[in-house]
Amino acid sequence: MHNFKLSYKLFGERAILIEWPSEISEIILTDILDFKNEIENQLKLKDCIVGYNSIVLVYDFVIVNSITKIDFLKELYQNKKGLQKQKSTHWKIPVCYDATFGIDLEDISKELELSSEEIIYFHTKAAYTVYFIGFLPGFLYLGGLHEQIAIPRKATPRLIVPKGSVAIGGNQTGIYPNESSGGWNIIGNSPMSFFDIQNQYPCFAKTGDTITFESVSLEEFISIKNQVKSNSYQIQKIQ
Amino acid sequence: MITVLNPGIYSTIQDLGRPSFANIGVPISGAMDSYSVKIGNQLLNNNLKDAVIEITFGGCKFKFEEALKICVTGANFSPTIDDKEVQMNSVLEVKKGGILSFGKRITGIRTYVCIQGGVSSEVLLNSKSFYKGITTSYILKKGDQLKTDSAKSVNKSTLSKIKIDEHHFKTTFIKCFKGPEFELLSKDQKEQLIGTQFTISNDNNRVGYRLEEIFENQLNPILTSGVLPGTAQITPSGKIIVLMRDCQVTGGYPRILQLTEEGINILAQKTTNDTIQFVLQ
């Protein structure tokens with residue numbers, strides 16, 4: 001059981017920020033999720049925002065007795081049972097790394113002195129952890145990128161990054177769930193839908209899940225894209 | 001039903017937003033100036049969460065296809081019904097075929113047209129607030145027809161108008177609390193942040209307000225963490241950005257201030273070149 005030294009701060013009128021040591025680690029993520037579960041069992045909150053090393057608890061009212069509230073949380077943390085294995089799912093995400101989509105592959109291949117094949121190898125080899133979802137609806141913050149293919153963001157962000165783009169920014173990798181602007185290096189595209197408001201659960205993945213990328217050909221990409229459109233595509237998952 | 005004859009520069013449907021979906025990265029959204037929306041909905045005896053039309057910088061024209069009670073709140077852009085001037089913050093009875101339009105700007109920038117029973121439109125994640133990628137429409141267009149829930153509401157309110165506090169539009173003081181990273185600033189920086197008049201840059205919208213002045217910043221970025229509407233962040237280049245209703249749920253810049261709800265509502269009525277000063281609570 002891990003007991004970190006947490007800091008508690010009032011964040012405006014209606015929120016409390018809880019922070020773990022400033023590092024990205026799966027042990028911290030597990031502890032955050034454990035504590036979040038415990039808090040949500042005890043309190044009715046308006047929202048709960050998870051970050052790499054933090055939770056923001058948003059209350060439905062103006063907090064007047066913050067010391068009492070924080071003391072309650074501290075005690076809850078001390079007494080929490082800890083490391084109850086959260087239900088997490090492993091997802092297999094098809095990605096087409098064809099040059100049609102991977103428009104930055106050639107440039108980063110030169111910069112990293114690795115062939116495109118090697119970049120794809122490293123990108124598909126790792127299992128990534130979903131730390132949280134932010135930036136855009138359905139944008140997964142993934143940890144676990146192989147250090148060999150870490151590369152800084154582009155100096156000038158693109159105004160339009162196509163929906164489904166799979167990209168690398170620093171030591172992070174991610175998928176753009178919708179068209180947006182963005183400064184990450186684009187290496188491929190996934191035919192899957194990462195945010196569909198028509199679904200009961202608009203985003204299939206959640207904090208704590210893991211994913212791997214699987215390289216698919218352009219033909220397979222088109223076939224999966226059509227299945228996604230007709231709602232007949234089954235995401236491969238292991239629970 | 002209401003027909004949009006002219007949507008103006010930027011008009012949307014807003015309620016009080018979708019505040020409980022940070023876990024899938026969905027912004028809260030909702031009316032920029034929730035204070036003005038509450039006044040309108042209260043006067044009409046609506047539910048406080050009923051949806052309204054948010055108009056940025058006037059210029060709109062609407063045709064009422066049925067007789068409806070409405071209330072115009074927020075920024076005063078000299079509203080008229082059938083070319084006759086009408087009062088802000090009072091219950092107005094619009095006849096079938098009536099035309100509501102706006103003219104000269106007097107105060108503020110965001111006007112709300114509140115309608116008896118509220119605007120009826122698609123509900124996604126418990127809210128009607130327009131947001132690109134969530135709602136089918138994200139901006140009102142010419143020819144749009146807005147349905148209303150007028151049948152459900154009976155106006156039993158005894159109040160038909162109220163005098164609103166002009167302070168809401170005139171004050172340049174924005175109330176706030178220290179943000180989570182405030183204490184990392186030096187003494188001089190804190191004094192500068194609280195003592196300086198800042199100017200709103202032309203980069204101001206529903207996502208955030210960027211301020212003009214450069215603020216000396218040596219703070220490192222933080223590990224991506226939760227942010228809220230009203231969070232003032234400082235970028236590596238020393239620009240202050242105050243996040244507003246459509247902001248992302250997480251961010252990586254130091255959070256130096258957190259505006260009060262009143263502070264957000266007051267800022268929401270300000271525009272390019274207006275000046276503000278932060279006041280700590």
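Predicted model: local features only at pLDDT ≥ 70, side-chain atom pairs only at ≥ 80, totals over all residues.
Helices are DSSP runs of H or I with at least four residues and strands are DSSP runs of E with at least two, both numbered from the N terminus.

Figure 1. Buried residues account for 38% of the 239 residues in chain A.

**Figure 2. A:Glu113 in a loop of chain A.** The loop shown runs between α3 (105-112) and α4 (116-125) of chain A, and A:Glu113 is located there. Although A:Glu113 is not a glycine, its phi is positive, at about 55 degrees. Most residues other than glycine have a negative phi. A:Glu113 counts as exposed because it has 7 C-beta neighbours inside 10 Å, where the cut-off for an exposed residue is 12 or fewer.

**Figure 3. The contact between chain B and chain A.** Chain B contributes 24 residues to this contact, and chain A contributes 32 residues. The side of chain B that touches chain A is made up, by class, of 11 nonpolar, 12 polar and 1 charged residues.

**Figure 4. Overview of chain B.** Chain B contains 4 helices and 21 strands, and along its principal axes the C-alpha trace spans about 60 × 40 × 35 Å. The radius of gyration of chain B is 19 Å, which agrees with the value near 19 Å that a compact globule of 281 residues would have. Of the 281 residues in chain B, 49% are buried. Among contacts in chain B between residues at least 6 apart in sequence, those joining residues at least 24 apart make up 75%.

**Figure 5. B:Val242 and the largest nonpolar core.** This core has 127 residues, of which B:Val52, B:Ile70, B:Val113, B:Cys114, B:Val242 and B:Leu267 touch the most other members. Once residues up to four places away in sequence are left out of the count, B:Val242 touches B:Gly208, B:Tyr209, B:Ala232, B:Leu259 and B:Leu267.

**Figure 6. Strand β20 of chain B and its pairing with β13 and β17.** Strand β20 (residues 255-259) of chain B is mostly covered, with 5 of its 5 residues buried. Strand β13 (residues 173-178) of chain B runs antiparallel to β20(B) and is joined to it by 3 bridges, and B:Cys176 has B:Leu259 in β20(B) as its bridge partner. Strand β17 (residues 231-234) of chain B also pairs with β20(B) in the antiparallel sense, over 3 bridges, with B:Gln233 standing opposite B:Arg255.

**Figure 7. Helix α1 of chain B and the elements that cover it.** Helix α1 (residues 34-43) of chain B is largely enclosed by the rest of the structure, because 7 of its 10 residues are buried. The buried residues in α1(B) are B:Ser34, B:Ser36, B:Val37, B:Ile39, B:Gly40, B:Asn41 and B:Leu43. Their cover includes β3 (52-56), β5 (68-76), β8 (91-94), β10 (107-115) and α4 (261-267) of chain B. After α1(B) comes B:Asn45, which has a positive phi near 60 degrees.

**Figure 8. B:Asn126 in a loop of chain B.** B:Asn126 belongs to the loop between β11 (119-120) and β12 (145-148) of chain B, and the phi of B:Asn126, a residue other than glycine, is positive and near 70 degrees. With 13 C-beta neighbours inside 10 Å, B:Asn126 counts as partly exposed, a class that lies between the exposed limit of 12 or fewer and the buried limit of 20 or more.

Definitions and conventions
Residues numbered from 1 in each chain as written. Chains lettered and ligands numbered in written order. Contact = placed C-beta atoms within 7 Å. Nonpolar A, V, L, I, M, F, W, Y, C, P; charged D, E, K, R; others polar. Core = buried A, V, L, I, M, F, W, Y, C linked by C-beta atoms within 7 Å. Rg over C-alpha atoms; globule rule 2.2 N^0.38 Å. Pairing = 2+ DSSP bridges.
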